[in-house]
Amino acid sequence: MNLEQFHKNILNDVKTEAMEEFDRNFERKAFFEKTWPRNKLVNRKGSMMARSNNLRRGFRAKIEGDKIVFSNSMPYAKIQNEGGEIVVTHRMKKYFWAMYYQTSGQIRVSSRTGRQLNNASNQRLTIEAEQFKALALMPIGKKIKIPSRRVIGPHPKIKDSVERIVNNHLSELNEQILNTLRP
């Protein structure tokens, strides 16, 4: 085995292992052992980071020379991973109003009395609709703080995986060398 192939094999194994670990963060709802902050908004569509799974599916890793570069095709991936602030825009307000009308339109009413039913589903929808209304009423230019929900980045578990992979490859190489030297 030549040295270039040896190096490439290590990088491929590290890339695969790291991507598997980062993907597991979605199942853990945490960056390894550090749990993500809870979303303040009620949403019936599931976990904040996995409603559509577009963020999860958007992660890619490629080898460029001596390093592995991780990326994501979703435009909101960076702010979700690192946290930060976003500014309310006219377009966002339009979306929030649309979501308000959509969620409030799903409230069920009694066919007999025409009054809103007092069930858990309606209460959840009402809360969700009110949240969208509050967001829609925010002034353009107001900043909304997005907490960091790290999915990808340096971590001691990744470092340990790299060390284990390198040591395994070195052991295999050492064994190959010894086998070629034996009569």
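Author: Let's start with a term: a residue is buried when its relative accessible area is under 20%, exposed when over 50%, and partly exposed in between (1.4 Å probe, protein chains only). Of the 183 residues in this protein chain, 28% count as buried. This is a predicted model, with local features needing pLDDT of at least 70 and side-chain atom pairs pLDDT 80 or more, while totals for chains, interfaces and linings use all residues. Residues are numbered from 1 along each chain as its sequence is written, and side-chain values use heavy atoms, leaving out hydrogens and water.

Reader: How many helices and strands does the protein chain have?

Author: Helices (H or I, at least four residues) and strands (E, at least two) are DSSP runs, numbered from the N terminus. Here that gives 6 helices and 6 strands, and along the sequence they follow the pattern α-β-β-α-β-β-α-β-α-α-β-α.

Reader: Which residues of helix 4 are buried, and which are exposed?

Author: First the span: the expected value is 1.5 Å times one less than the number of residues. Helix 4 (residues 90-104) has 15 residues and reaches 21 Å from first C-alpha to last, close to the 21 Å expected. Its buried residues are M92, K93, F96, M99, Y100 and T103. Seen down the axis of helix 4, these fall within an arc of 125°, so they line one face of the helix. The arc, by the way, is that of the directions from the helix axis to the C-beta atoms. On the other side of helix 4, you'll find H90, R91, K94 and Y101 exposed.

Reader: Which strand does strand 5 join, and how do the two run?

Author: Two strands pair if DSSP finds at least two bridges between them. Strand 5 (residues 84-87) is joined to strand 6 by 4 bridges, and the two run antiparallel. One of the details: V87 has K143 in strand 6 as its bridge partner. Strand 6 (residues 143-146) also has two faces, with I144 and I146 on the covered one and K143 and K145 on the uncovered one.

Reader: How many aromatic pairs are there in the whole structure?

Author: Rings of Phe, Tyr and Trp (its six-membered ring) pair if their centres lie within 6.5 Å; planes under 30 degrees apart are stacked, over 60 edge-to-face, and the rest tilted. The search of the whole structure turns up 9 aromatic pairs. Take F26 and F59: their ring centres are 6.3 Å apart and their planes sit at 55°, so the pair is tilted. This pair links distant parts of the chain, with F26 in helix 1 (residues 3-28) and F59 in strand 3 (residues 59-64), 33 residues apart. Both F26 and F59 are buried. F31 and F32 make an edge-to-face pair, 5.0 Å centre to centre with 75° between the planes. Both F31 and F32 are buried, and ring pairs link F22, F31, F32 and F70 into a cluster.

Reader: What is H169 in contact with, leaving aside its neighbours within four places in sequence?

Author: Contact means heavy atoms within 4.5 Å. H169 lies in helix 6 (residues 156-181), and H169 is in contact with F6, N9, I10 and D13 once those neighbours are left aside. H169 is buried, with a relative accessible area of 11%. Across the protein chain, among contacts between residues at least 6 apart in sequence, 71% join residues at least 24 apart.

Reader: And K67: buried or exposed?

Author: K67, in strand 4 (residues 67-72), is exposed, with a relative accessible area of 51%. The C-alpha atoms of K67 and L11 are separated by 7.7 Å, although the two residues are 56 apart along the chain.
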